[in-house]
Amino acid sequence: MITNTELQQKGNQFPNKVVDFKKDADILYFTTENEVILQLTVLRDSVIRFRFGTGGVFEPDFSYAIDEDGIRGYNHLELEEDDAYYFVHTAKLKIRIEKNSLQTSIFDIEGNLINEDELGFHFEESFEYGGNIVKMSKKAQHAESYYGLGDKPMHSNLRGKRVHNWATDQYAFGKDQDPIYKSVPFYIGLTQKRAYGIFFDNTFKTFFDFCQERMGVTSFWAQGGEMNYYFIYGPEMADVVGSYTNLTGVPELPPLWALGYHQCKWSYFPESNVKEVANKFRELKIPCDGIYLDIDYMDGWRCFTWNKDYFPDPKRMVKELADDGFKTVVIIDPGIKIDKDYWVYQEGIENDYFCKRADGPYMKGKVWPGECNFPDYTNPEVRDWWAGLFKELIQEVGVKGVWNDMNEPAVMEVPGKTFPADVRHNYDGHPCSHNKAHNIYGTQMARATYEGVKKFAYPKRPFVITRSAYSGAQRYTSSWTGDNIASWEHLWVANIQVQRMCISGMSFTGTDIGGFAEQPTGELYARWIQLGVFHPFCRTHSSGHHGDQEPWTFDEGVTDIARKFISLRYRLLPYLYTMFYEYIKKGTPLLKPLVYFDQEDAQTHYRTDEFIFGHHILVCPILEPNAKGRRMYVPRGEWYNYWTKTPVKGGKEQWVDADIDEIPMFVKEGTILPKYPIQQYVGELEIEQVELEVYYGLGKNASKLYEDAQDGYDYKKDRYSYRTFKMVGREKDWIIQQHKRGDFITTYDTFRIHLIGLPFEITTIELDNEVISMEDVQFDPKACALIIKKDFTELHLSGI
Ligand code: MIG
């Protein structure tokens with residue numbers, strides 16, 4: 001690894017004094033005497049792009065990460081200058097650029113310093129990489145904290161750490177190991193309770209140092225390309241994550257079944273084994289939607305083929321599984337076996353679709369099928385071809401989802417475990433070496449896969465999952481965190497990784513529940529499934545070399561726990577789906593680390609274990625064996641223990657009981673938690689009634705419920721049902737008002753309202769301004785529950 005200190009000794013060059021300034025609408029250009037150009041673009045009042053060209057030129061402006069549909073536009077842009085500085089004002093920020101150095105300081109509108117260059121932009125000509133090593137260093141503020149950066153398996157607060165991004169197949173990675181599969185060069189800084197983000201959109205190997213080398217300095221740099229970063233202001237972390245996600249894009253809604261439980265194994269084969277596993281789920285009444293076929297379903301690991309000994313009639317099998325509610329997901333790797341009798345290989349060769357070495361021959365590497373060539377997914381024509389390859393699998397065979405693995409890309413038995421640097425890529429018409437394309441390769445593969453699955457699954461929604469990813473991959477695919485280990489330490493890692501992915505724009509992520517490598521004890525599996533059901537993507541997966549890992553392979557107690565928690569996930573599906581809708585609309589992460597939830601409370605800045613599931617549920621996994629509970633921090637506010645329904649005051653650390661069949665879980669006061677009945681798979685039942693668990697709270701509160709056809713695209717034409725419940729709680733009365741948007745008619749007619757924590761005895765019930773009798777709403781005093789028509793406008797309960 002090249003260190004900052006080494007780099008500094010190799011001849012850094014710095015911008016000197018500005019000799020030219022130009023403004024072109026929202027883009028400002030500052031050119032220095034030594035031909036450095038700073039291009040500053042005001043994308044939004046709080047989103048500023050900084051881009052530096054050297055030698056008086058810029059590279060062509062192209063990014064795989066930026067979503068062209070993102071929101072642009074600002075309210076205010078004003079320029080000022082004095083002898084020493086330029087000042088750029090937006091409605092949210094004041095940016096000060098030093099005329100002698102291009103060093104920049106950014107203030108909020110009240111004049112609070114948010115972020116300031118130390119050396120600022122500098123660079124070094126790099127003969128090895130044929131470009132510049134581009135660097136940026138910033139002053140770290142007092143007690144500043146850092147979060148984000150994708151899948152890093154380390155403490156959530158990155159202060160004191162130095163990390164880099166280079167997608168790597170890291171089997172059985174360890175805690176603190178860096179890098180692993182994904183490259184998300186985006187971090188959030190939190191200083192003086194104000195949050196900002198920096199997205200360094202550069203696909204070369206990128207480095208980040210958060211006060212590790214030098215106490216007061218945060219720096220980031222890349223081995224090539226441009227210093228091209230977006231500064232995103234908060235002040236709330238929610239604003240930062242929302243804007244970053246808007247900038248790099250959001251997915252479409254997944255089919256609801258994809259939010260169910262998935263069961264995976266390397267590998268289930270032959271067909272009878274797949275069926276046996278599937279049947280067992282139904283027999284034991286453990287809900288499950290997804291069932292996976294790993295590499296052994298293929299004929300000699302050739303993608304888009306079937307091993308007919310194991311799977312003589314895939315179409316029939318997939319249909320039979322589907323009849324029982326299972327959606328079949330199959331793995332597809334990038335390596336295409338070099339075999340002149342294999343049609344995919346033939347097509348790739350005929351059309352020149354495979355990556356080549358610098359001197360001409362095809363890039364050859366060993367993966368599961370033996371020697372392979374690799375499609376250049378950075379070529380749009382190759383992506384089209386690849387998408388087309390899914391026709392049979394999806395349209396004919398009926399497979400519902402595709403799993404992309406090994407797309408870092410991983411190559412076996414070579415140093416570096418990937419392509420050599422000289423391999424050439426099209427990069428959508430900007431030809432480059434693997435140094436530049438490496439980190440984006442997996443995303444472009446997932447993108448091509450997504451396009452194919454989407455096309456052939458139509459009018460249903462596609463489902464794709466990837467191992468490697470770069471910023472923006474969330475537009476196309478979900479992801480999992482790769483080959484973890486069945487250990488308690490890895491349960492800690494899993495919890496952090498998924499939270500980190502959520503604030504890095506990629507909420508639809510999960511871990512291999514129970515651990516991929518080695519074998520969990522029943523207790524570890526139980527604790528992991530308790531956490532896993534709160535992860536946006538929920539799948540058990542493990543390597544066959546280490547024994548079975550289905551929910552029933554431990555003992556009956558563990559089976560019961562798995563059933564209990566997976567069933568809980570199915571009950572909470574409408575809540576989870578509503579969260580997903582908010583994610584695609586506003587970029588709101590599905591899980592929120594405590595610091596995101598309450599950044600003003602310094603208690604949260606170094607918390608790793610507790611997180612908020614959606615908006616209203618606090619969860620904290622048990623991460624040790626033999627525990628009967630744990631100490632945890634309940635953030636400020638009033639909460640209810642989910643299991644006992646007793647009120648709990650937050651703002652302090654406390655002991656929480658959680659025997660082996662419980663996980664510490666709290667619901668915020670003033671919450672309406674929608675629940676479906678337990679189904680063995682999504683769509684098993686037509687929903688006849690939705691339960692609303694209403695947690696009383698003083699004052700005003702709100703909750704939402706999003707529903708639609710659970711698949712298909714009608715929701716884009718307003719055929720959804722989006723309910724907002726507004727509540728007002730007083731000592732002797734409780735009002736719920738409902739407002740509904742969208743044209744979708746849900747299958748059920750009534751809500752069963754279950755009131756929790758009501759501090760008074762109900763004497764009067766008014767529904768839409770009319771007093772009605774207890775019988776009319778089938779009031780059950782013992783359960784404190786009543787049944788009302790779903791489209792009520794106002795429910796008013798009062799009492800003594
Ligand atoms: O070299 O397809 O992370 O989930 O089961 C191993 C076999 C290749 C690695 C993936 C894992 C998958 C396994 N794969």
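**Questions on the predicted model**

Mentor: This is a predicted model. To begin, Tyr 427 has a relative accessibility of 4%, so Tyr 427 counts as buried.

Trainee: Where is Tyr 427 found, and what is its phi?

Mentor: Tyr 427 sits in the loop between β26 and β27 (432-433). The residue is not a glycine, yet its phi is positive. The value for Tyr 427 is near 50°.

Trainee: Is Asn 769 buried or exposed?

Mentor: Asn 769 also has a positive phi, near 75°, in a residue other than glycine. Its place is the loop between β48 (762-767) and β49 (770-772). The cut-off for exposed is over 50% relative accessible area. Asn 769 has 64%, so the word for Asn 769 is exposed.

Trainee: How many salt bridges does a search of the whole structure find?

Mentor: A salt bridge needs a side-chain nitrogen of Lys or Arg within 4 Å of a carboxyl oxygen of Asp or Glu. Arg 302 and Asp 339 meet in one, at 2.9 Å from N to O. The search of the whole structure gives 55.

Trainee: How many residues apart in sequence are the parts that Arg 302 and Asp 339 tie together?

Mentor: Arg 302 and Asp 339 are both buried. Arg 302 lies in the loop between β20 (290-293) and α4 (314-323), while Asp 339 lies in the loop between β22 (336-337) and α5 (343-350), so the parts tied together are apart in sequence by 37 residues.

Trainee: Glu 413 forms a salt bridge with Lys 366. Is Glu 413 buried or exposed?

Mentor: The closest N and O atoms of Glu 413 and Lys 366 are 3.0 Å apart. Lys 366 has 31% relative accessibility, so Lys 366 counts as partly exposed. Glu 413 has a relative accessible area of 65%, so Glu 413 is exposed.

Trainee: Which residues are joined into one network with Arg 467 and Glu 408?

Mentor: The side chains of Arg 467 and Glu 408 meet in a salt bridge of 2.8 Å, N to O. Arg 467 is in the loop between β28 (464-466) and β29 (469-470), Glu 408 is in the loop between β25 and β26, and the two are 59 residues apart. Salt bridges with shared partners join this pair to Asp 169, Asp 405 and Asp 483.

Trainee: How many residues of helix α10 (522-532) are buried?

Mentor: The buried residues include Leu 524, Tyr 525, Trp 528 and Ile 529. Among the elements that cover the buried residues of α10 are α9 (488-503) and α11 (556-571). The helix is mostly covered, and of its 11 residues the number buried is 10.

Trainee: Which elements each supply at least two residues of the positive patch?

Mentor: The patch of positive charge on the surface gathers Lys 585, Lys 586, Lys 700, Lys 704, Lys 726 and Arg 741. Lys 585 has 53% relative accessibility, so Lys 585 counts as exposed. The elements that each supply at least two of the patch residues are α12 (573-586) and β44 (699-707).

Trainee: Which residues form the negative surface patch?

Mentor: One of them is Glu 80, in strand β5 (residues 78-81). Glu 80 has a relative accessible area of 40%, so Glu 80 is partly exposed. The negative patch is formed by Glu 78, Glu 80, Asp 82 and Asp 83.

Technical notes:
Residues are numbered from 1 along each chain as its sequence is written. This is a predicted model: local features need pLDDT of at least 70, side-chain atom pairs count only at pLDDT 80 or more; totals for chains, interfaces and linings use all residues. Side-chain values use heavy atoms; hydrogens and water are left out. Patches are made of residues with over 30% relative accessible area and no salt bridge: like charges are joined within 9 Å, nonpolar side chains (Val, Leu, Ile, Met, Phe, Trp, Tyr) within 5 Å. Accessible areas come from the Shrake-Rupley method with a 1.4 Å probe; for residues, only the protein chains shown count as cover. Lys and Arg count as positive and Asp and Glu as negative; His and the chain ends are not counted. The place of a charge is taken as NZ of Lys, CZ of Arg, CG of Asp or CD of Glu. Helices (H or I, at least four residues) and strands (E, at least two) are DSSP runs, numbered from the N terminus. Buried means under 20% relative accessible area, exposed over 50%, partly exposed in between (1.4 Å probe, protein chains only). Contact means heavy atoms within 4.5 Å.
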